[in-house]
Amino acid sequence: MEESHSLTYRAAARLRRTRAYAWLRCFPNTACGIVLGSGGHSILWRTCADEAFCQEPLGRLPHVLNWIFWCLTIGGLLLFLAVFALKVVLAHDVVRAEGKHHV
């Protein structure tokens, strides 16, 4: 009887821990695509800033947008790495299953 209570308490503790990190367990590893997209925008505006046909009508706007997207990219990358590192530590079974998935 006492062992069944002990198992119930352990199962309840595991369930609470799983619910607390449910958002983390569902965090997609493909979220790095957001960072890659904003990095692409930074490259685009850097290229526009160097071209003669954009310099006169747009002025400093391409340089400003380049820095904005560059800063968003760095911030997004740091955020993604922090959340994914947390997922590796707290939900390593999910990360392992994602790595072993055949697709």
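A salt bridge here is a side-chain nitrogen of Lys or Arg within 4 Å of a carboxyl oxygen of Asp or Glu. Keep that in mind for a few of the stops below.

Before you click around: this is a predicted model, where local features need pLDDT of at least 70, side-chain atom pairs count only at pLDDT 80 or more, and totals for chains, interfaces and linings use all residues. Residues are numbered from 1 along each chain as its sequence is written, and side-chain values use heavy atoms, with hydrogens and water left out.

**Whole chain, as cartoon.** You get six helices and zero strands (DSSP runs numbered from the N terminus, with H or I of at least four residues for helices and E of at least two for strands). Of the 103 residues, 20% count as buried, meaning under 20% relative accessible area; exposed is over 50%, and partly exposed is in between, using a 1.4 Å probe and protein chains only. Now for contacts, which are heavy atoms within 4.5 Å: among those with a separation of 6 or more, 67% are between residues 24 or more positions apart.

**Select Lys87 and Glu98.** Here is a salt bridge, with the closest N and O atoms 2.9 Å apart. Glutamate 98 sits in helix H6 and lysine 87 in helix H5, so the pair ties together parts eleven residues apart in sequence. Which of the two is buried, and which partly exposed? Lysine 87 counts as buried at 0% relative accessibility, whereas glutamate 98 is partly exposed at 29%. Show what surrounds Lys87: leaving out residues up to four places away in sequence, it touches Leu24, Arg25, Phe27, His92, Val94, Val95 and Glu98.

**Next, Val95.** This valine is in helix H6 (residues 92–100). Beyond its neighbours within four places in sequence, Val95 contacts Phe84, Lys87 and Val88. C-alpha to C-alpha, Val95 and Phe84 are 9.2 Å apart.

**Arg25 and Asp93.** Another salt bridge, 3.2 Å from N to O. This pair links distant parts of the chain: arginine 25 in H2 and aspartate 93 in H6, 68 residues apart. Arginine 25 is partly exposed at 28% relative accessible area, and aspartate 93 is partly exposed at 38%.

Not counting residues up to four places away, Phe27 touches Phe80, Val83, Phe84, Lys87 and Glu98.

**Down helix H3.** Pick residues 32–50: the end C-alpha atoms are 28 Å apart, which agrees with the 27 Å that 19 residues should span at 1.5 Å a residue (the expected span is 1.5 Å times one less than the number of residues). Buried residues in H3 include Val35, Ser42 and Trp45, and their cover includes helices H4 (52–58) and H5. Within H3, Asp50 and Arg46 lie four residues apart, about one turn, and form a salt bridge at 3.9 Å.

**Finally, the surface.** Tyr21, Trp23, Leu86, Val89 and Leu90 make a nonpolar patch of about 480 Å². Patch residues have over 30% relative accessible area and no salt bridge; like charges are joined within 9 Å, nonpolar side chains (Val, Leu, Ile, Met, Phe, Trp, Tyr) within 5 Å. Areas come from the Shrake-Rupley method with a 1.4 Å probe, and for residues only the protein chains shown count as cover. Trp23 is exposed, at 51% relative accessible area.
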